[in-house]
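Visitor: I would like to know which rule stands behind each term used for this structure. Please set each value against its cut-off.

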Amino acid sequence: MTEQQLQDREHFANMLEKVAASQDTQAFQAIYNHFGPLIKAFGVSSGLHYQGDHLPEELVQEVMMTVWRKAGQFDRRKAAPSTWIFTIARNQRIDLLRKLSKYQNDVDADDVWDLEGDTDLFGEVRESRIQTHVKNELNHLPIEQKQIVAKVFLEDKSHQEVASELNLPLGTVKSRVRLAMQKLKTHLGANEL
Amino acid sequence: MSNWHPTNDQLLEFASGTGSSAMSIAISTHLHFCQACRHQVHDNESMAAVLFEEQTRADLAGDGFDRLMSRIQNEPTVSAPKAPKAPSRFPPVIEKLIHKDTESLDWRSPMKNLRVSQLLKDETGLILGLHHMKSGGRVPHHTHRGNEISVVIEGGFSDEMGSYGPGDFIHLAGEHFHSPQADADGDCWLLSLVEAPVKLTGPLGWLVNPFLKP
């Protein structure tokens, strides 16, 4: 990770802790200004705007409301600010899409994607190594692997849906994901994975 | 720590939130028991966060922050860290689906020594069910109409392929012919995930043979 990225990570962890400790609106605005445009882009990659022009902006509002409410649960030893906010955005996207669909059930995304009980003392070190490595390697991936990784992680598409969209066999999608993941995780000792 | 796990693809779809509801619940149940897979999901989330941060930023509406703050004014308290959950018998998401207690569910008994109750049918047609085998009970030989995933949530059972305990996430192919037997020292409770029988190609991506009897 570059010096700048490490500083960002530190900076936004401090901001989240300020929101939790004293409901600091300046800190909250700094988080909004940095992450808001990323959450909106994520909403657009997920195709939310096809279901309503206002939905990507709605996602930003819902995610930031959750950041405000749950700032006290952020723990820098367990997750980077970007990872924590990404998981909130993923869960809010799931709930938002479910509200719009005719299919309903009583289980909220937070009931299913709730891994808070998992305290890992080395989580921060491990995560920062992974993120540094991924950032460095991402640009060395062959274009077809990079494209697929971006799709499976951010575009709200299952492997099967990515295969249909790109008109590729499911096995090809899976093997490209597998190859890309191997490269992105190389250099982390096998024992750590 | 369990011995049978979801595939890497399934864990990745879980981390990116693209799996179906029932599949995600089954994986979440496995994660409740399996630290290794929890770590892998967290690694996947960390990777996703890198891609998330590298996106091209989208312009926000000019009044976005003001709207947000006026909503927040109506609920000014920042919540304290969540109190630890009361210990529950099954993983919390399963408790929520059961609602009250297992005896209030609607049970049917398709085979000797086995009773089943449907917990949920999801948007892709996957059916999530709860299976209960009496301690030591053997279910007669049968094959499955489609492919099936079982996750042990209490007790254990064995079949011709192996023996399974809490958290084990078992993929059973459609042609798999078996006669599971619950362990003698306690009842066995399983979560099961099957394709709805009407589909020819199910959401698990396997071809379901409509001519096989359950």
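Visitor: How much area do chain B and chain A bury between them?

Guide: Chain B and chain A bury about 6400 Å² between them, with 61% of it on carbon and sulfur atoms. Buried area is the accessible area (1.4 Å probe) that two parts lose on being put together, summed over both. This is a predicted model, in which local features need pLDDT of at least 70 and side-chain atom pairs count only at pLDDT 80 or more, while totals for chains, interfaces and linings use all residues. Residues are numbered from 1 along each chain as its sequence is written, chains are lettered from A and ligands numbered from 1 in the order in which they are written, and side-chain values use heavy atoms, with hydrogens and water left out.

Visitor: How many residues of each chain are in contact?

Guide: Contact means heavy atoms within 4.5 Å, and 61 residues of chain B are in contact with 76 residues of chain A.

Visitor: What makes A:Lys135 and B:Glu53 a salt bridge?

Guide: The term requires a side-chain nitrogen of Lys or Arg within 4 Å of a carboxyl oxygen of Asp or Glu. The N to O value for A:Lys135 and B:Glu53 is 3.8 Å, so the pair meets the rule. Across the interface of chain B and chain A the rule finds 7 salt bridges.

Visitor: Why is A:His159 called buried?

Guide: Buried means under 20% relative accessible area, exposed over 50%, and partly exposed in between (1.4 Å probe, protein chains only). A:His159 has 2%, so the word buried applies. Residues of both chains touch A:His159, among them A:Val152, A:Leu170, B:Asp9 and B:Leu12.

Visitor: How do you know that helix H2 of chain B has close to its expected reach?

Guide: Helices (H or I, at least four residues) and strands (E, at least two) are DSSP runs, numbered from the N terminus. The expected span of a helix is 1.5 Å times one less than its number of residues. H2(B), residues 21-33, has 13 residues and reaches 19 Å from its first C-alpha to its last, close to the 18 Å expected. Of its 13 residues, 11 are buried.

Visitor: What makes strands S3 and S11 of chain B a pair?

Guide: Two strands pair if DSSP finds at least two bridges between them. S3(B) and S11(B) have 8 bridges in the antiparallel sense, so they qualify. B:Leu126 stands opposite B:Glu195 in S11(B). Strand S5 of chain B also pairs with S11(B) in the antiparallel sense, over 6 bridges.

Methods. Lists of a residue's contacts leave out its neighbours within four places in sequence.
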